[in-house]
Structure formats: C-alpha cells, structure tokens
Amino acid sequence: LAQLSTDSVRLNQLGYYPDAPKTAAIYGAGKGGFILKTAEGNQTVYHGQLSENRTSPFSAKTTRIADFSAFTKPGRYVLEVPEIGASYPFEIKNQVHDAASRAAIKGYYFQRMSTPLPEKYAGKWARPGGHPDVSVLVHPSAASPLRPAGTTLSAPGGWYDAGDYNKYIVNSGISVGTMLAAYEDFPAYYDTLNLNIPESSNALPDLLDEVLYNLRWMLTMQDPNDGGVYHKLTNPVFDGMNVMPHEATKPRFVVQKSTAAALDFAAVMAQGSRIFKKYRQPLPGLADSCLIAAQRAWGWAKVNPNVVYDQDAINSSFDPDIKTGTYGDRNLADEFIWAACELYITTKSETYYKAVNLFPDEKMPLPSWPQVRLMGYYSLLRHAGEITDVARKDVAKLKVRMVAMADGLIEGTEKHYLNTVMGHSKSDYAWGSSSVAANQGMAIMQAYRLTQDRKYLNAALTNVDYLLGRNGTGYCFLTGFGSKRVMHPHHRPSVADGVTEPVPGLLSGGPNPGKQDKCPTYTSDLPDEAFTDDDCSYASNEICINWNAPLVYLLGAVEASTFS
Ligand code: 9MR
C-alpha cells in the first residue's frame, strides 16, 4: 500500500462557511472518489467524485479537485482520498475566519515600536519597547537650512515595516490606505471588533486605533517647513537576526524627501481625515490636522514632481551609506492619481480632480507598493454616491472596468489546478506573492460590492483558501494558524524572543522563484513552490505590513459578507 500523505490533500486548513463553495486540490493522478469523515468519530458523512486530471503549468504536476460544496453541516472533518491520503482536520462553520481576521489586524500591534508590549495584550510575545526614535539624525541627503545634517528630530511610534526594524513612508502608505479601505467598506463589522489592544476601551473602533498608531508616526515625517515628507527612517544597515527591538540601538536617520513619499502620505492623510472626522471626541483636531498635512504634502509634490529615492546616487554623494530597503519607485503617475482621488473625495474640490489625468489609459493594475492607481479608483467607486458632476461619467466607466478586471482575474479558475484565482500566471509569484493573492481577492471584492453577484465572493474565497493551505506548498501562510504552519518567518522578534511559536497574525511572503536571499534550504525552483520556512529566507518567508493589509481587507470582507 502506498504511504498515505497528508500533504497531498491541500485545502483551507481553517475551513469553510457552510453555504460557501468547498474544494480541495489532490496532488496525484488517477480517478475515483473521496470521502469526508468526522475528525473525531471517524464517521463517513459524505462521498464525492474527484474531477478530471488537471495540470499545473509551472510544475506539470497533476491534481484533481474534490468538490464538497453540497455538504453544509457544521462540524470538524477530514477529507480522505483512498490510496492518496487524508487532509488535516478543518471546520465547517459560520465565521470560520473570525479568529484569523482578528489576528491579522493584531499582527500590527505586535509590530508597534517605541512602546512596550505588556503580557496583557501580547501574551507570551510580551517584550520591552524598542526604538524610541525621539532623537533621529537628519542624514545629509535630507539636510535643509532649517534642519541641517546631523541635527535631530523626534519621530516615534509607527510599525516595523517587516522582519526588519525600519519604517518606510511609501510602504506605510499603501498599508494604511488598504486598512482604511477595509474600514470604509465594512464599518459595521469593524465597529464592534475587539482586538485586546491598549486602546480597546476608547470610543474608536480598534482597527482605527491600530491604524492611528502608524498614522501619527507618519505625521512626524513631514517637514513642517516645506510640507515635504522624508522617504524613510532607518538604520544605515539591517540589524542581525537575533536582536530584539530594545537591543537594537544603532543610530537612526531620516533620509531624503521623495515625491512618492509625499503623495502616498497625502493620499492616506486625506483618507484618514474624512474617517476621523466622525471622532471629534476623543480626537479633537485630528481630522483637520490630517487634511492640512495632506494638502501641504500635495503642494510639495506639485512643486517637486519627480524626486525619486535613488539610494545608490545618495550613497555616492553622502555618508553614512544607507543599505536598507529602498522602495524606490520611479514612476509616479499612479501616486499622483491616488493622492488626487483621495483629496478630491475628502474636500469635494474639483481642482484635485482636474490636477492630473486620472484615467491616462484603461489599465487596471493590481495594487502593490509601487503601483497605487487602483487605491484611488477603489475610493472613487466607494464614494460614487457623493462625487460631483465632473467625475460622474468617468466613474460610470470605471465601474464597468472594475467588474471587467474582476472577470479577467476569475477567468479559468474553475479549470485551474488549485481551483484558485491565484496562480494563473507565473508573474503572480513575485516577491511577496501572498500579497498578490490577497490583493486579487480585494480587487474581486470591489466587483462583489458593485454587483452583489455571489460569483465574485466565491472567487475571492478561493484566494483565502490559497493563503490558508490550498497552494503549491501546502503551508498555511498566516503565522499561528493552520496545521502545516509557518514556524520560522524572517522576523527578528520571532527569531530572537526565545518563544518557540513565531509572533502570530503575520502573513508570510510566500513562493518567490527569484530566491534573492540564496537561502540554502529551498527544495524547489518552481514558481508555486519556491518557498522555505526558514528565517534566512527574506525573499520567500519574510512578513510585511503591505502584505498583511490586503489580507486584513480580504478576511474582513468575507467575514462581513453573506456567509457569516
Ligand atoms: O516588498 C519589497 C519587494 O517588492 C522588493 O522586490 C524587495 C527588494 O527591494 O523589497 C521588498 O521590501 C522589503 C523592504 O525593502 C525592506 N523591508 C522588508 C520588505 C519585505 O521583504
């Protein structure tokens, strides 16, 4: 008898909503049936036939799909395929992603800097505060007459970007924008969601409290003298892996201002302004401060429309050299679009709408840190009921395009070897591929919101399944969740804290055939399998705020929608 393998049966390791589609991908050719058994009593409750063989375009491996959508009874089950194997146990129940949705937001609490994380909120991942950032040096690349090189400024708080200890405005921008989008789209869901964070008892929903922790830091990155925004706050070089936040005490710098930083900052400050307006108590003045900050950053960007952060150029002119992440986007047209959209929506001033060409072509590029055009479009669609005449025709066209984009993403899912939207093309497996899956899900949810057609919600769920286990690696990519778990993310606190389990609620980057880290433990070069659960793997197994954010959106979206 062939050895039965759990890894051959890939499914969402958390489970499925009773009324949602439910499928597993079985690795291995053949024909035949599958059964569902209760996880505890070993009782067969359902049997079905596997699909025809399918082929992965990346590995030429064969899979078959087990579809048990017709089975809707809540409980804990395993799926078994004779002679192949049985899955990990999973659940069928309402709110099956509730814990994951909360944890993905709470992951940001664990990324907070300049503050201790007491056990009350952080459990066994409690730690002292690190990086006060109250005496940050002005790098020569950032020097101005009023803020000369070597003087200091205070810019505490915010989230660590990723497994490293630096903070980057560009990446903070898309992360905050995505989380605020989640709030704007599903306020009723988030208004009551308690995350057990220090602000849980205040009048603000916890999601907004968490976002505010980073937004307040972002405000400190604006030069009050000209409205420009420093590109990042960073050590010159990355710390060693085995260093806790409070042990990382090297000097920190703000570096050159950039147009991308100013525009991403302007976008989220404008968006934040309209959201925080509702909370004059306990936040008097915050909404106004955000809007003023947004307008000043926009003003700076209009005068400085092409200041790119070019780290090599900076290092050839100034000391010390800066070697940390660059987020050095060179095409700023989309950042102008995003900022203009948010400023227009918040102020209703058509000046912003007309300031740049918001629709230079018909493209609908999936969001990522260097590509934020759709962030602006999502907001326009969300606020379609409040726009002025100037935008009406465009937004009507945009609706059609948004739905067409979702249709394009969905096409082929039914016949796909994993039955997911993720992984139709090799290019999906970029650095941070998990965020591609999550952003595809977020884009498709926009079509669901526009049409209320259930096929979009079902399609978005296929990528939830992908992230939680139905993928080429068999891993559940969210730390703290699933049976085949990520245990060794490239995340300094998780490496250095002496706790066996990594910090929970963080999304691993996922397969990346680029393998730029040259980690020795990869076992595959295949696009959908080039992943190693090893902390040396910053290219496949780091965590990052702009990857968690679309997961927060997607999990919140499915929890807030029809199924729960
Ligand atoms: O997510 C970023 C990815 O798109 C880039 O290809 C990569 C190399 O520049 O950098 C990634 O971002 C990293 C950042 O530079 C530093 N903090 C960790 C980020 C995730 O790996």
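Colleague: Which strand pairs with E4, and over how many bridges?

Modeller: Strand E5 (residues 44–49) pairs with strand E4 (residues 33–38), antiparallel, over 5 bridges. Strands are DSSP runs of E of at least two residues, and helices are runs of H or I of at least four, numbered from the N terminus. Two strands pair if DSSP finds at least two bridges between them. This is a predicted model: local features need pLDDT of at least 70, side-chain atom pairs count only at pLDDT 80 or more, and totals for chains, interfaces and linings use all residues. Residues are numbered from 1 along each chain as its sequence is written.

Colleague: What stands opposite Gly 33? And what is in the turn?

Modeller: Gln 49 in E5 faces Gly 33. E4 and E5 make a hairpin with 5 residues between them, and Asn 42 in the turn has a positive phi of about 60 degrees.

Colleague: What is the strand order in the open sheet?

Modeller: E1-E3-E7-E6, 4 strands with antiparallel pairing. Strand E1 (9–10) and E6 are at the edges with a single partner strand each, so one side of each has no neighbour in the sheet. E3 and E7 are joined by 5 bridges. Ala 25 has Ile 65 in E7 as its bridge partner.

Colleague: Switching to domains. Where are the bounds?

Modeller: Domain 1 covers 9–92, and domain 2 covers 98–473 + 542–560. Those bounds come from an automatic or database domain assignment. The C-alpha centres of the two domains lie 36 Å apart.

Colleague: How many residues are in contact between them?

Modeller: 16 residues of domain 1 are in contact with 14 of domain 2. Contact is C-beta atoms, placed from the backbone, within 7 Å.

Colleague: Which elements give two or more residues on the domain 1 side?

Modeller: Strand E3 (23–27), strand E6 (54–55) and strand E7 (62–67). E3 gives the most, with 3 residues.

Colleague: Now the largest nonpolar core. Which residues touch the most other members?

Modeller: Ala 266, Ala 297, Ile 444, Ala 460 and Leu 554, out of 165 residues. A nonpolar core is a set of buried Ala, Val, Leu, Ile, Met, Phe, Trp, Tyr and Cys residues joined through C-beta atoms within 7 Å. Buried means 20 or more other C-beta atoms within 10 Å of a residue's own, exposed means 12 or fewer, partly exposed is in between, and C-beta atoms are placed from the backbone. Helix H6 (residues 259–276) gives the most to this core, with 12 residues.

Colleague: What does Ala 460 touch?

Modeller: Residues up to four places away in sequence aside, Gly 441, Ile 444, Met 445, Tyr 448, Leu 554, Ala 557 and Val 558.

Colleague: What surrounds the ligand?

Modeller: Asp 161, Ala 162, Asp 164, Gly 325, Thr 326, Trp 431, Gly 432, Tyr 538, Glu 542 and Cys 544. A residue counts as near if its C-beta atom, placed from the backbone, lies within 6 Å.

Colleague: Is Gln 311 buried or exposed?

Modeller: Gln 311 is buried, with 20 other C-beta atoms within 10 Å. Beyond neighbours within four places in sequence, Gln 311 contacts Ile 322, Thr 326 and Gly 328.

Colleague: Where are the cis peptide bonds you'd flag?

Modeller: One joins Gln 281 and Pro 282, omega about 5 degrees. Another joins Asp 319 and Pro 320, omega about -5 degrees.

Colleague: And what about Gln 95?

Modeller: Gln 95 has a positive phi of about 55 degrees although it is not a glycine. Gln 95 counts as exposed, with 12 C-beta neighbours inside 10 Å.

Key. Two residues are in contact if their C-beta atoms, placed from the backbone, lie within 7 Å.
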